[in-house]
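Trainee: Can we go through the aromatic rings in this one together? I'd like to see how you work it out.

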Amino acid sequence: MNKQRKRGFSVKPEGRILIEQKMRDKGYNRDKLAEVAEISIDTINSLVRGENKERKTIEAVARALDIQLIDIVDAGELYPQIENITKDNTNINWVQVCHKMLEEQQEQQRIRRKASAMGYEVNVHVPLGLVERKQQQRRNENVERKEIYQLEPEVISKTYQHQDFLQEVINKGYQGKNKHIAIVGEPGAGKTTLLNAIASDIKDKNQKLPIFISLGSLQGMTLADFILKEWLPDAIRLMNIVPTSEIEAQLETEFYQGNFCLLLDGVDEMGESSPIQALNKISQELTSWLGQARVILTCRLNVWDATVNNNILPGFNTFKTQEFNPEQVNTFIAEWFQVANNINGGEKLIAQLQEEGKERIRELVTNPLRLCLLCQIFDRNDQGELPETKAQFYEIFTRYFYEWKPKLVSDLIKSDQLREELHRALGNLALAGINSDVRFRLKRSFVVKEMRNEKLFNLACEVGWLNHVDRDAVNDEDVYAFFHPNFQEYFAALVIDDWHYFLNHVSDNPDEGVYRIFESQWKEVILIWLGQEKDEDFRQQKEDFIKELIYFKDFCGDFYSHRAYLIVASGIVEFKNCSLDYEIAKINSNIATVFSEKVNILMDSSDSKLNKSQIAQAEDQLLAKLSPGNDKAIQNLIHILSQSKAESDHGLSIIITSLNDLGKIAKGSDIAFDAVLNFIINYSSSHSAYLKHLAWLTLGEINKDMTVYYLGRLIDRNYQNKIAYHHYTEILALVDPQDSWKVYYTLAEMLKSQDEITIERALDTLSNMVNINPEVIELSGIIDIIITILENINLDENHISAAICLIHMPINLYSSIVKKLKKCLSRQVNYTDDPYFEIFNHCAQNMTYPDFYRTWHGEIYPRQQLENQFTDTHSHLSQLQPTEKTYPLTLNLKTLQDETDISAIAQKICNQIYPRFFHENLEIPQVNNAPQLERIILQVRNYLKKENIALIINNCEPHQEMIKFCNKLTDVLHIAFITKEHLDAPLKGFPNQPNLLNVIQHWINEIG
């Protein structure tokens, strides 16, 4: 007779101890625990006695105490199958895993939202608008000068209602050039709600497998590590399976087959220091196996719009949340009040919104969060005044918040002092979070420290302002978040008593000032702060703040002055009855309008782009299952490639797909490499140029080193044939943009050409390159050449391409771009027709004001910034002047900081020196030791016709091997390091100091 398992589960003895401990921590007795868990006191008593209870009962207790079920119930009882599972069990049903995990995540989200017990779910979603750039049109030569630089603004090419979006974009797969989706919108626009609806639709329709990730959970981890080390173990355990390395490998294989859809929520919650860094991190993550998934992400609009360069996240279609129209507002209200069993209340609210004088509130409630709050407020008191600002919304909501569950918060209702203490503690926490890297996801120790009172922390959790959302990936510490990010911003605004917290302008030394007004995470806090109404002193604070913004002078081109004015334009809507109308009217509104339009431009480059997003248009209909290293699949693809002809659209699609798939699964395969190389050599058709270009990119995916070798030989062989020479250089730029130095010097040559088509190709190649090497960009002089193109009085389309190219440069080159571009300006920037505006404005959007100010005025960075911004170091050291006999040569040897291999040291130094002087021969000699490098130095010395070369080494502390190597070169070089270390003669060491340039120049002069 089979042994029957007893019904229900029991709490293990150590679990009962943990329950009692957590109850003490939260100040609960058993009655309170029963109330919070929403079960009877009898059930609590029997559970603590060790009696068996249903799983959902124990889960309710665990949730109420913020502990895991497995902490209080024996794992063997919870998961009896575990004992029978072996490590080689990889027969995973990934559909069940993903669906079960998504259901669990959505249930946890539902529980966290129960703080607003009256926040009924309604099936009304905001429309989405597909954002597109109008294609830049070629201009007639006699076009007005001011129109040359007028880029076409973004347009909403199509608006989708919710069901249409699911059907036409999600279910069918969008048919445009991009497979990924970005949903961007203002705070409270329903982005997370919409992403959850999309996830459910994908699950219900059995499309791709959904993986939902809140990006704020990464906490410094890579997305790949988070999925493998956090998401996967949690998901697998729901299926009663022990996670293993074999299962991790199987998950990666499933990704390579293109079976997954990644739903990434909250790019703005990642805690990165700038919007570009957040977007760059996402871009860098979507490679290898993760790169095979379709991605749908959400992001706040001010973070997404902080960069006008849409090359940062290639392959994404942008959908912007649209406001509810009046009909949708009414539908939402009607459905909400119907679920609340108060249809009459909904009709009253709809009627009041139509009354004269309610225009402002009608504008406010086109946002889903604020509309939901309005419904809750009105349901509670339909006789009250309707709120008119964001601050009023949150203030009234907070007041009624406590009345929805009076039994839980009776002390807060009775005591104004306790409520004030709680709100101030939450405000202190909110400020500390926004000021930190973690922003919205706060560790328990951080929360308790900033709230300064564990009792208030427990009270905030009990009420629902704070919710347990996760455990830290490193130390398993509990992680909390505010009920909604908007309320974190609201509580932060409550405790800011002085407008100088946002702005304390020190015009002659911005490093000593405060400029939170230019940091994206403070925008909503500022608007809510301006919308508060306290006493006359506070009103004067707001007036003073607005006046300071109006008259803010940045003394560096007015780029930040106009950003300050835009804050006034937004803030004055929240600040009712501001008395500064006259001062505001005096501002040049035309400039502000132009600025506002240009900030939102999504720049795009020419039609001729060739990148992987275009290649991805061909759907994979040849092989249903592909996995890396699958020899049979590789052989099949090679056979298809050798037999197919591009005489029809179908044949062309087959070849494109075969090349694309080989790049994914044949990494390191010599057979695949030879087959694709043979295709390049022998294939001929009307599409040969395009397909061979694509084949070279595939070769780079299969074996980058060999591809670089072959391309290098072809470049050298075709030096006299400029068309072929430039063609292979452009391909090499896409295959290996980091290490192939000759690419940059060839592109520099192309940019100097008198032929506009050659210049355009070089600019287009630079705009399409990913992971540009900033060091070589500086050394090759490309930035200076592009600026020369901008200076050219012959106005043509290359001006726009040049501006786009500079914007596409890595962020750590922006200082150098601003400095060099400013030097070339012989006239004041014209805000309506100059490309300089686009470049300066983009840099200003992604540099702090003190950094931009310092760069604009040419001041030297402090030491800590020098270490991070080598381009500024070189910019300053490049001002060193040669003497009659001595030539100064500066090297950034950061990559040799810990290098001890002599041949590597010799080659790196040669790599930096040789291309500067011998452009006509881009084949850099191989050197392995000091004597071989000496011969190169002598060639340089003869070329310069100088007796001496003064070598200044930066960003590399002189370790023992480096010192020994450099001492062997002192017969042909005078060598100095930028270092605090004392160096024995003949080497020199110069510590970083305010007069560094003068000190080194004096040393050069002494040499002769």
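Trainee: Which residues form one aromatic cluster with Tyr 515?

Mentor: This is a predicted model, where local features need pLDDT of at least 70, side-chain atom pairs count only at pLDDT 80 or more, and totals for chains, interfaces and linings use all residues. Residues are numbered from 1 along each chain as its sequence is written, and side-chain values use heavy atoms, leaving out hydrogens and water. Rings of Phe, Tyr and Trp (its six-membered ring) pair if their centres lie within 6.5 Å; planes under 30 degrees apart are stacked, over 60 edge-to-face, the rest tilted. Tyr 515 forms one cluster with Phe 518, Phe 552, Phe 559, Tyr 560, Phe 840, Tyr 849, Phe 852, Tyr 853 and Trp 856.

Trainee: How many aromatic pairs does that rule give?

Mentor: You describe each pair by the distance of the ring centres and the angle of the planes. Go by that rule and the count is 38 aromatic pairs.

Trainee: What kind of pair do Phe 165 and Phe 319 make?

Mentor: Both are buried, meaning under 20% relative accessible area with a 1.4 Å probe, protein chains only. Their ring centres are 5.2 Å apart and the planes sit at 75°, so the pair is edge-to-face.

Trainee: And Trp 465 with Phe 487, what kind of pair is that?

Mentor: Trp 465 is buried, and Phe 487 is too. With centres 5.5 Å apart and planes at 40°, the pair is tilted.

Trainee: Which ring does the charged end of Arg 516 sit over?

Mentor: A charge sits over a ring if NZ of Lys or CZ of Arg is within 6 Å of the ring centre and within 35 degrees of the ring normal. For Arg 516, the charged end is 3.9 Å from the centre of the ring of Tyr 501.

Terms used
Buried means under 20% relative accessible area, exposed over 50%, partly exposed in between (1.4 Å probe, protein chains only).
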